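User: I have a structure here and want to go through a few spots in it. Can we start with the backbone and then move on to packing?

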Amino acid sequence: MPTNEQERPAHITLSVAFWYWLKLGFISFGGPAGQIAVMHADLVEKRRWISERRFLHALNYCMLLPGPEATQLAIYIGWLMHRTWGGIIAGTLFVLPSLFILCILSWIYLTFGNVPLAAGILFGIKPAIVAIVLAAAWRIGSRTLKNALLILIAVVAFVAIAILQLPFPIIVIAAGAIGLLGGRVAPDLFRLGGNHAATTASFGAALIDDDTPPPQHARFSWRKLIAFCMAGTLLGVIAWGAIVLMSNVHHPLPQMAVFFSKAALMTFGGAYAVLPYVYQGAVETYQWLTPIQMIDGLALGETTPGPLIMIVAFVGFLGGWTKILFGPDHLLLAGVAGASVATFFTFLPSFLFILAGGPVVESTRDDIRLTAPLTAISAAVVGVIMSLGVFFAEHVFRLTMPVMQWDFASIAIALLAMLALFRFKLGTIKLIGACALAGLVVSYLR
């Protein structure tokens, strides 16, 4: 670490970067906002591996791409510093600890989930999840819904998925088409401004500074773009083919591979945006898990490091377990296989987007033809997330046994959680811990 702010840091080796990304994978709590804040504090302020402006430029475009923006930002910085292997190492180590932890938690959940202690903890966490989802809708909406047209897109998206039950991909495609047309007819309505790059600060000379020319591998060429796209697609096809050879095309594992590949392309606006699509497929179509288990999985995902979209590992684990993929004596192996397949195919597109599209992103900076469709999709995502909050609330706040009635204890916990989030800006981990304790107390009193 440099001792003088004017002194540019020495070259960072790949091994040094490896240990940093591994550490980050184990401490990246707090969702995308917390993960981005940690990377900014470490890489911009303390270590000065990358300048503020270059960091924010990468972040702005990662937020427009489908997929988890914090993971893609890690891949981007790793790629910018150490070429392709740097990006692969950064992204893999950002995700791998979370996969390991979630496999353990999923096994505990399925084995001991009905124990009163665990049931009491989950009783308190579920209302907190409702509050967290609504807070996510507010956070994304405040950043995205800058005019009446974008608000209208959000409202129509809510009605389309919550009332008309339209599939999530149709909503995304329709919003993208509106943005594509709007970017040509009324581009100012789809220009959100500077976003994160509106304000910048200087923390001294950085290894990759504002005036540092892009390295050779970050310069756009059609040959590299086509090569990366073909390599990424071929890798996915080979992996899917290997799974089919070990089972058959109608086996749950190949189905998971295809399903989560589609889900990865729907993740505009963060993990909350894709959850309705995951719910429709995993719960209703394939019946890998129940609605309540889906909420429990989101609760577990909020309490583990790594991107929130890692809930797909929980979905895959339960899918492998409940479908008894390898017989009743190998349930744990089936769960791990399902979680691994779900994770691999969910994150493969994110690596491809950055490794193949990084130079493209640099060459299309501030191009409204690119950003307008993504802005419209982001607006639709706000409505979709609101529908997810309504869905969760319906299952958490209403009891069906012995008769249909409202669970006022859950409603009270959710309201207090929303107050803690909006008024006191309480962190996610602290909030879930407090709600888990409240759930234990309520369960004991009952």
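User: Is R48 buried or exposed?

Analyst: This is a predicted model. In it R48 has a relative accessible area of 4%, so R48 is buried, the cut-off being under 20%.

User: Where is the place of R48?

Analyst: R48 sits in the loop between helix 2 (31-46) and helix 3 (52-64).

User: What is phi of R48?

Analyst: Phi of R48 is near 55 degrees, which is a positive value in a residue other than glycine. Most residues other than glycine have a negative phi.

User: And R83, what about its phi?

Analyst: R83 is not a glycine either, and has a positive phi of about 60 degrees. The place of R83 is in helix 4.

User: Buried or exposed, that R83?

Analyst: R83 is exposed, with a relative accessible area of 51%.

User: Switching to the core. Which residues have the most contacts inside the largest nonpolar core?

Analyst: W21 and M39 do, in a core of 135 residues. Helix 4 (residues 69-112) gives the most to this core, namely 18 residues.

User: What does W21 touch?

Analyst: Leaving out residues up to four places away in sequence, W21 touches M39, L43, A74, I77, G78, A90, L93 and F94.

User: Back to helix 4. How do the axes of helix 4 and helix 11 cross?

Analyst: Helix 11 covers residues 291-302, and the two axes come within 11 Å and cross at roughly 140 degrees. Helix 4 passes helix 11 in a right-handed crossing.

User: Which residues meet there?

Analyst: From helix 4, L102, L105, Y109 and L110 meet Q293, D296, L300 and G301 of helix 11. By class, the residues of this contact divide into five nonpolar, two polar and one charged.

User: Next pair. At what angle do helix 8 and helix 9 pack?

Analyst: Helix 8 (residues 222-246) and helix 9 (residues 252-264) pack at about 160 degrees, and their axes are 8 Å apart. Helix 8 is therefore roughly antiparallel to helix 9. The crossing of this pair is left-handed.

User: What residues are in that contact?

Analyst: W240, I243 and V244 in helix 8 meet L253, P254, A257 and V258 in helix 9. The contact of helix 8 with helix 9 has seven nonpolar residues, no polar ones and no charged ones.

Note on methods: Residues numbered from 1 in each chain as written. Predicted model: local features only at pLDDT ≥ 70, side-chain atom pairs only at ≥ 80, totals over all residues. Heavy atoms only, no water. Axes fitted to C-alpha atoms, helices over the stretch in contact; angles between N-to-C directions. Helix = DSSP H or I, 4+ residues; strand = E, 2+ residues; numbered from the N terminus. Parallel < 35°, antiparallel > 145°, perpendicular 65-115°, else oblique. Left-handed = near helix turned anticlockwise from the far one by under 90°. Contact = heavy atoms within 4.5 Å. Nonpolar A, V, L, I, M, F, W, Y, C, P; charged D, E, K, R; others polar. Core = buried A, V, L, I, M, F, W, Y, C linked by side-chain atoms within 4.5 Å. Buried < 20%, exposed > 50% of the residue type's maximum accessible area, 1.4 Å probe, protein only.
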